[in-house]
Amino acid sequence: MAYEASPSEEEQFVKLTPVIDDVFRLVLPPRAFVNAYLVGDVLVDAGLGMQAGGIIKALGGRTVATHAITHAHGDHVGGSRRVCDTLGVPASCGAGDAAAVRAGKFRWKPVEVARELHEGDELGPGFVVLDVPGHSPGHIALWRERDRTLVCGDVFLNLNFYTTRAGLNEPPALFTVDMARNRESARRLAELEPQLVLFGHGKPLRDAAKLQAFAQSLPRA
């Protein structure tokens, strides 16, 4: 039987780890499988519902002004309602996923979306929104040109979703609405030549050439 951490254990194990300057990674248990990020004063994603308490505890007294959701899947938005209610912050997400987030479409608690994000919108310290649909209809990424930092959500994974073995992967087809569009989004992001890539699942990557080679290897429609 797979081990499932209790809520108290979730809170104990979540840590806020610096990545670069004003960007921090929250590695969420069990098995360090899901990531959330603090980007300046923006909390990006909130894991599963059971992980919200650990996120809140790990943030401590840090200033959080808003919560951004990369896409409407339960392992990214499941904790959003509790995070927003506890911290008293508004939520934002890609316009194409807003209805699902508000409805609690896949059994998460419904989240009021105060801001629907579109390509080119500014968010946090120097980041802009990129529309990268495929894994979900309204999936977004965050891109900062000045230091070439990319928060890519689940357009790429840096582990195998089923085994958790490290390495670049596509998101599972089972949970992806349009694999061909996601591959287009992956190639678009790789062409930016990011120097730091932050994933929804897996460790950060500092190898633009490796990302680009992987993206170019993906099947084309």
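1. Contact is taken here to mean heavy atoms within 4.5 Å. By that criterion, and not counting residues up to four places away in sequence, D97 touches H71, A72, S136, P137, G138 and H139.

2. The model is predicted: local features need pLDDT of at least 70, side-chain atom pairs count only at pLDDT 80 or more, and totals for chains, interfaces and linings use all residues. Residues are numbered from 1 along each chain as its sequence is written, and side-chain values use heavy atoms, with hydrogens and water left out.

3. D97 is located in the loop between strand 6 (91-94) and helix 5. Helices (H or I, at least four residues) and strands (E, at least two) are DSSP runs, numbered from the N terminus. D97 is buried yet has no salt bridge, and the nearest side chain of opposite charge, that of K105, is 8.0 Å away. For this assignment Lys and Arg count as positive and Asp and Glu as negative, while His and the chain ends are not counted. Buried means under 20% relative accessible area, exposed over 50%, and partly exposed in between (1.4 Å probe, protein chains only).

4. V39 of strand 3 is the bridge partner of V23. The hairpin of strand 2 and strand 3 has 5 residues between the strands, and R31 takes a positive phi near 65° there.

5. A salt bridge is defined as a side-chain nitrogen of Lys or Arg within 4 Å of a carboxyl oxygen of Asp or Glu. The count by this rule is 8 salt bridges. One of them joins the side chains of D22 and R144, at 3.1 Å from N to O. D22 lies in the loop between strand 1 and strand 2 and R144 in strand 10 (residues 140-144), so the pair ties together parts that are 122 residues apart in sequence. D22 is partly exposed at 21% relative accessible area, whereas R144 is buried at 1%. D22 and R144 also belong to a network of salt bridges with R146 and D147.

6. R102 and E116 form a further salt bridge, with an N to O distance of 2.9 Å. This pair links distant parts of the chain, 14 residues apart: R102 is in helix 5 (residues 98-103) and E116 in strand 7 (residues 113-117). R102 is partly exposed, at 34% relative accessible area, and E116 is partly exposed, at 33%.

7. The side chains of E170 and R183 also meet in a salt bridge, at 2.7 Å from N to O. E170 is in the loop between strand 13 (166-169) and helix 6 (179-190), and R183 is in helix 6, so placed that the pair links distant parts of the chain 13 residues apart. E170 is partly exposed at 22% relative accessible area, and R183 is buried at 18%.

Definitions and conventions
Pairing = 2+ DSSP bridges.
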